[in-house]
Amino acid sequence: SWNGLMLSGMVQAYNVLGDAEALQAVRETITFLQGHMLRDGRLLSVYKDGQAKLNGYLDDYAFFSAALLDAFEATFTPAYFDLAQQLINTMLEEFWDEEQWGFFFTGKSHEALIERTKSVYDQAIPSGTSVATRTLLRLYYYTGKADYLQRAEQVLYLVRQHMEQQPFGVGSLLTTLDFYVRKPQEIV
């Protein structure tokens, strides 16, 4: 399987160090993922022996979308922004819980499960919920689309007790809340 978090790390290496090889790796990786891991606008999760398979999970959409926004901010390549927005829209269609808010880990297109789980807690990497929520906020500040802001606010409201009672388990969501409260600085 693959992880968009590594892609964001390569963008950061370019931003901090000016490493042209890292930027080239970012471009090549995005091209590969577009060519091999996207099918009919939906992400696949595993690539092995020249074949991509299995529907993508929330984390796949969240991390890749965030990495695409990182790449857009580093290169101003409009195609990266457009793909990030497309993937976020698909993520909302596939993973959003309309009744109780928040994101399911598996999408509507996955095989039927007894129960579709949600997770807000960070593990070795930030939770897909936190990355998805922060990416929604980033897209809102770029586009002004109120739906992105509303969904992000609904997640933050939904997880407020987790943030109050178990702050060490939801550090990434706390940084997302901080981003929401402080708002980004706009430089012209």
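Is Asp40 counted as buried or exposed? Asp40 counts as exposed because its relative accessibility is 74%; exposed means over 50% relative accessible area, buried under 20%, and partly exposed in between, with a 1.4 Å probe and protein chains only. The model is predicted, so local features need pLDDT of at least 70 and side-chain atom pairs count only at pLDDT 80 or more, while totals for chains, interfaces and linings use all residues. Residues are numbered from 1 along each chain as its sequence is written, and side-chain values use heavy atoms, with hydrogens and water left out.

Asp40 lies in the loop that joins strand 1 (38-39) to strand 2 (42-48). Helices (H or I, at least four residues) and strands (E, at least two) are DSSP runs numbered from the N terminus. Most residues other than glycine have a negative phi. Asp40 is not a glycine, yet its phi is positive, at about 55°. Phe76 also has a positive phi of about 55° without being a glycine. Phe76 is found in the loop between helix 3 (58-75) and helix 4 (78-95), and it counts as exposed because its relative accessibility is 64%.

A further loop lies between helix 4 and helix 5, and Ser127 is found there. Ser127 is buried, with a relative accessible area of 5%. Apart from neighbours within four places in sequence, Ser127 is in contact (heavy atoms within 4.5 Å) with Ser119, Val120, Tyr121 and Asp122.

Helix 5 covers residues 128-143, which is 16 residues. From first C-alpha to last it reaches 22 Å, close to the 22 Å expected at 1.5 Å a residue; the expected span is 1.5 Å times one less than the number of residues. The buried residues of helix 5 include Val131, Ala132, Leu136 and Leu139, and also Arg138. These buried residues pack against helix 3, helix 4, helix 6 (146-158) and helix 8 (171-182). Helix 5 is followed by Gly144, which has a positive phi near 75°.

The largest nonpolar core has 49 residues. Such a core is a set of buried Ala, Val, Leu, Ile, Met, Phe, Trp, Tyr and Cys residues joined through side-chain atoms within 4.5 Å. The residues with the most contacts inside the largest core are Ile30, Phe64, Leu68, Leu87, Met91 and Phe103. At least two residues of this core come from each of helix 1 (4-17), helix 2 (20-36), strand 2, helix 3, helix 4, helix 5, helix 6 and helix 8. Helix 3 gives the most, with 12 residues.
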